[in-house]
Amino acid sequence: MRKDTNPMVSKVKSCVLTGIDGCVVEVEADISNGIPAFDIVGLGDTAVRESRERVRAAIKNSGLEFPVRRITINLAPANLRKVGSVYDAAIAVGIMAAAGAITASEPDNFMFLGELSLDGGIKPVNGILSMVCCARNNRIKNVFVPAENANEAAVVKEINVLPVRTLLEIIAHLNGQHLITPHTVDISDIFRQNTPSSVDFSDVRGQAHAKRALEIAACGAHNLLMVGTPGSGKTMLAKRLPTILPQMTFEEALELTKIYSVSGLLPYKNSLIPSRPFRNPHHTISDTSLVGGGRHIRPGEVSLAHYGVLFLDEFPEFGMEAVEALRQPLEDGEICITKANNSVTYPARTTLICAANPCKCGYYLDSSQKCSCTPRVLKQYLGKFSRPILDRIDIHAEVKPVRYQDIEKKGEEETSGAIRERVNRTRKIQLERYVGMGIYSNAELPPALIREYCRLDRTTASLLRRAFEKLGLSARAYDRILKVARTIADMDGSDSIKSRHVAEAIQYRSFDRAGNRG
């Protein structure tokens with residue numbers, strides 16, 4: 001703890017979250033003469049103000065002497081809002097240091113995180129991973145964390161993660177009475193122990209067209225809309241998409257785990273999320289829950305699906321406000337949320353998969369059953385497919401009803417593992433092409449680079465021009481076709497985009513072909 005010239009002032013470090021990133025907070029403790037009082041300043045919320053009673057009781061019940069003097073705690077920087085109980089441990093240590101009960105030889109190399117219980121215990125808190133990353137970025141070598149958060153914190157290298165269960169353990173370590181052994185985890189073992197998925201593409205009979213569309217979506221990280229009659233297998237197909245996506249890298253897993261940690265969705269004692277998420281919110285979800293926000297801004301489903309799949313089943317039944325709120329994250333790969341004086345940006349690089357019936361009754365595309373929808377009802381239903389959202393969905397695929405002969409067909413269907421090998425091979429091509437550019441898939445190509453990496457010969461360009469004029473495509477839909485064609489060419493092992501690649505990409509604009517532009 002750093003002591004100023006005044007022996008009754010100490011400074012220790014804690015951390016505040018801004019989105020999924022941390023910012024160092026300096027907890028200044030001043031003990032002075034005057035009427036006994038205990039004040040906390042620095043733009044703290046209710047939980048921060050209530051820490052006075054938790055800290056007072058924790059110190060006393062730990063057998064330590066609480067200073068009966070005027071105590072002022074400042075959480076700097078004072079213009080940054082502090083939320084939660086993570087500062088309890090730092091406040092208690094700061095008071096003990098100002099009272100002369102703690103001496104430490106390296107004051108700038110400690111960060112204190114954790115909520116105090118009234119008996120002096122240290123309780124786990126959300127967002128530990130982001131805070132420990134913040135400590136590393138600020139060259140703070142030692143971080144005290146609640147024991148239940150130790151596995152999560154230990155995935156950050158170059159940091160001594162010191163797990164503690166009581167306030168007394170912190171003080172004993174700082175005074176050199178009982179040193180705590182830093183906690184470590186084996187990251188490679190975490191990925192090895194990742195539980196295989198219980199679903200596989202071999203479970204799906206038939207549906208070759210839909211499987212092809214899903215494979216293209218996986219190869220290029222493209223958004224996909226599946227339209228088909230009830231029971232045709234849209235949900236079954238969507239749930240199997242994560243099984244063919246490339247395995248997560250450590251950097252991806254780290255960023256995803258940060259999101260779940262700050263959301264309070266990472267189980268305590270867990271260290272890392274090694275598998276790609278699959279989020280399937282109900283259609284009654286609000287726009288705030290879908291994209292994030294709230295009184296204390298938290299990530300929404302689109303961020304919880306980061307590097308994975310966001311599946312919107314019964315897509316037309318979702319509220320218009322919720323669906324339209326997806327425009328920015330689908331375009332930018334992140335969502336910026338502003339509330340009063342607070343602005344937070346969360347990553348949202350997800351693959352959006354939507355499933356919908358073709359009409360209200362569900363049988364508009366079924367040749368075996370007659371659609372009972374009137375033209376007016378059909379128009380109203382299709383009008384729920386917003387044109388701006390459809391333009392941001394690269395692939396539109398029709399899912400036909402499964403035929404009896406497909407169900408009874410003998411022989412094995414292709415497994416997810418076999419498809420995944422092709423996906424990995426295609427993704428590798430893209431990673432090598434865009435190395436050093438911060439682009440990891442064709443879907444992320446910005447307009448400025450589309451012309452460079454999606455060049456067409458004269459014949460192919462003529463084909464696309466005719467499709468553009470006939471279908472009345474928007475400029476955004478034009479770019480999406482080029483990106484999908486680039487992915488199909490990569491799957492084909494072709495350096496250049498051929499007419500057949502563009503022709504297939506155009507086929508995946510079924511709603512444009514049908515003129516359904518609500």
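This is a predicted model: local features need pLDDT of at least 70, side-chain atom pairs count only at pLDDT 80 or more; totals for chains, interfaces and linings use all residues.
**Helix packing, a hairpin and one glutamate**

Helix H4 (residues 128-137) packs against helix H10 (residues 250-263) at an angle of about 125 degrees, and their axes are 7 Å apart.

**The H4/H10 contact**
- On the H4 side, the contact is made by Ile128, Leu129, Ser130 and Cys133.
- H10 brings Leu254, Thr257, Lys258, Ser261 and Val262 to the contact.
- Sort the residues of this contact by type and you get 5 nonpolar, 3 polar and 1 charged.

**The S16/S17 hairpin**
- Strands S16 (residues 334-339) and S17 (residues 342-347) run antiparallel, and 6 bridges join them.
- The hairpin has 2 residues between the strands, and Ala340 takes a positive phi near 50 degrees.
- As a general point, side chains in a regular strand alternate between the two faces of the sheet.

**Glu53**
- You'll find Glu53 in helix H2 (residues 51-61).
- Is Glu53 buried, exposed or partly exposed? Its relative accessible area is 47%, so Glu53 counts as partly exposed.
- Going C-alpha to C-alpha, Glu53 and Asp39 are 11 Å apart in space, with 14 residues separating them in sequence.

Definitions and conventions: Residues are numbered from 1 along each chain as its sequence is written. Side-chain values use heavy atoms; hydrogens and water are left out. Axes are lines fitted to C-alpha atoms, for helices over the stretch in contact, and angles run from 0 to 180 degrees between N-to-C directions. Helices (H or I, at least four residues) and strands (E, at least two) are DSSP runs, numbered from the N terminus. Contact means heavy atoms within 4.5 Å. Ala, Val, Leu, Ile, Met, Phe, Trp, Tyr, Cys and Pro count as nonpolar, Asp, Glu, Lys and Arg as charged, and the others, Gly among them, as polar. Two strands pair if DSSP finds at least two bridges between them. Buried means under 20% relative accessible area, exposed over 50%, partly exposed in between (1.4 Å probe, protein chains only).
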